[in-house]
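Reader: I am new to reading protein models. Please take me through this one, feature by feature.

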Amino acid sequence: MIGPVRQLPLDLPHEPSFAREDFLGASANADALRVIEAWPDWPGRMLLLVGPAGSGKSHLGAIWARRADAAIVEAAALIDARLADLAPGKAILVENADRVAGAEANLFHLINLARESDAGMLLTARNAPDAWGLSKPDLHSRLRLAPLATLGEPDDALARAVLFKLFADRQLAVEPAVIAFIALRIERSLSAARAIVEALDREALARGKAVTRAMAALVLKDVVEG
């Protein structure tokens with residue numbers, strides 16, 4: 001017997017939108033959003049934006065970078081960077097600053113360059129500097145003096161809104177009841193939401209069918225088990 005035909009899903013990239021209008025405000029991120037949107041009226045010129053994976057750090061960082069006309073660099077890339085090329089003009093965004101191992105000296109010098117030129121600086125990280133395992137005391141001290149904005153895990157309402165947006169980004173129409181079913185059963189993080197939406201997109205394309213509660217239950221089981 002021949003089973004149902006499954007299409008071969010193409011592995012096409014789906015880049016998330018980091019526009020301000022696509023940022024979903026909620027109690028978990030309201031304080032951090034207010035701080036970002038207060039630029040350039042920060043009490044200091046440097047800010048640490050801290051939150052778990054998928055909590056919206058990169059999205060808020062992108063919003064700030066556009067407002068501040070900032071250069072953007074990954075902390076891990078600082079190990080091979082020429083600081084002359086990174087010397088900030090108006091501002092600089094350092095992403096994943098907690099992954100700066102091996103480039104602490106360059107990050108310290110970059111912070112000093114920003115201070116000397118009165119340039120704004122935003123650093124994103126999963127946790128506060130005390131948990132980064134830094135070996136350079138001067139860098140640790142400088143970072144501990146910076147104001148801290150914290151992002152929390154999304155609540156139920158935000159989880160549903162995020163799922164709706166992620167499905168819409170992929171042009172998938174999913175019933176609200178199905179979205180609510182998924183939101184109650186996934187980890188409360190944006191990274192988990194992205195993972196399940198990607199898996200359901202592939203499954204729906206392979207079957208040539210819309211996303212249903214039964215399909216969601218099956219994919220959720222596969223994700224949990226594997």
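**Reading the model step by step**

Author: Buried means under 20% relative accessible area, exposed means over 50%, and partly exposed is in between, using a 1.4 Å probe and protein chains only. This is a predicted model, in which local features need pLDDT of at least 70 and side-chain atom pairs count only at pLDDT 80 or more, while totals for chains, interfaces and linings use all residues. Residues are numbered from 1 along each chain as its sequence is written, and side-chain values use heavy atoms, with hydrogens and water left out.

Reader: How many helices and strands does the protein have?

Author: Helices (H or I, at least four residues) and strands (E, at least two) are DSSP runs, numbered from the N terminus. This protein has 9 helices and 5 strands. Read from the N terminus, the order is α-β-α-β-α-β-α-β-α-β-α-α-α-α.

Reader: What joins Trp39 and Pro40?

Author: A cis peptide bond, with omega about 10°. Pro40 belongs to the loop between helix H1 (30-37) and strand E1 (46-50).

Reader: What share of the residues is buried?

Author: Buried residues are 46% of the 226 in the protein. As a general idea, nonpolar side chains in soluble globular proteins tend to be buried together. A nonpolar core is a set of buried Ala, Val, Leu, Ile, Met, Phe, Trp, Tyr and Cys residues joined through side-chain atoms within 4.5 Å.

Reader: Which residues touch the most other members of the largest nonpolar core?

Author: That core has 26 residues, and Leu163, Phe167, Ile182, Ile196 and Leu200 touch the most other members. At least two core residues come from each of helix H6 (156-169), helix H7 (176-183), helix H8 (190-207) and helix H9 (213-225). A second, separate core has 25 residues, including Leu78, Ala103, Phe108 and Leu110.

Reader: Which residues does Ile182 touch?

Author: A contact means heavy atoms within 4.5 Å. Setting aside residues up to four places away in sequence, Ile182 touches Leu163, Phe167, Ile196, Leu200, Ala216 and Leu220. Across the protein, residues 24 or more positions apart make up 71% of the contacts with a separation of 6 or more.

Reader: Is Val211 buried or exposed?

Author: Val211 counts as buried, because its relative accessibility is 7%, although it is found in the loop between H8 and H9. Apart from neighbours within four places in sequence, Val211 is in contact with Val174, Val178, Leu200 and Ala204. Val211 and Val178 are 33 residues apart in sequence, and their C-alpha atoms are 8.1 Å apart in space.

Reader: And is Ile72 buried or exposed?

Author: Ile72 is exposed, with a relative accessible area of 56%. It is in strand E2 (residues 71-74) and touches Ala65, Leu93 and Glu95, not counting residues up to four places away in sequence.

Reader: What span should H8 have?

Author: The expected span of a helix is 1.5 Å times one less than its number of residues. H8 has 18 residues, so it should span 26 Å, and its end C-alpha atoms are 26 Å apart, which agrees. In an α-helix there are 3.6 residues a turn, so residues three or four places apart point the same way. Among the buried residues of H8 are Ala193, Ile196, Val197, Leu200 and Ala204. Gly208, with a positive phi near 70°, follows H8.

Reader: How many cavities of 30 Å³ or more are there?

Author: On a 1 Å grid over the protein atoms alone, a cavity is a set of points where a 1.4 Å probe fits but cannot get out, and lining residues have an atom within 4 Å of a point. The structure holds 3 cavities of 30 Å³ or more.

Notes: 1 Å grid on protein atoms, 1.4 Å probe; cavity = no way out; pocket = protein on both sides within 12 Å on 5 of 7 lines; lining within 4 Å. Points joined across faces, edges and corners; volume = space filled by probe spheres on them.
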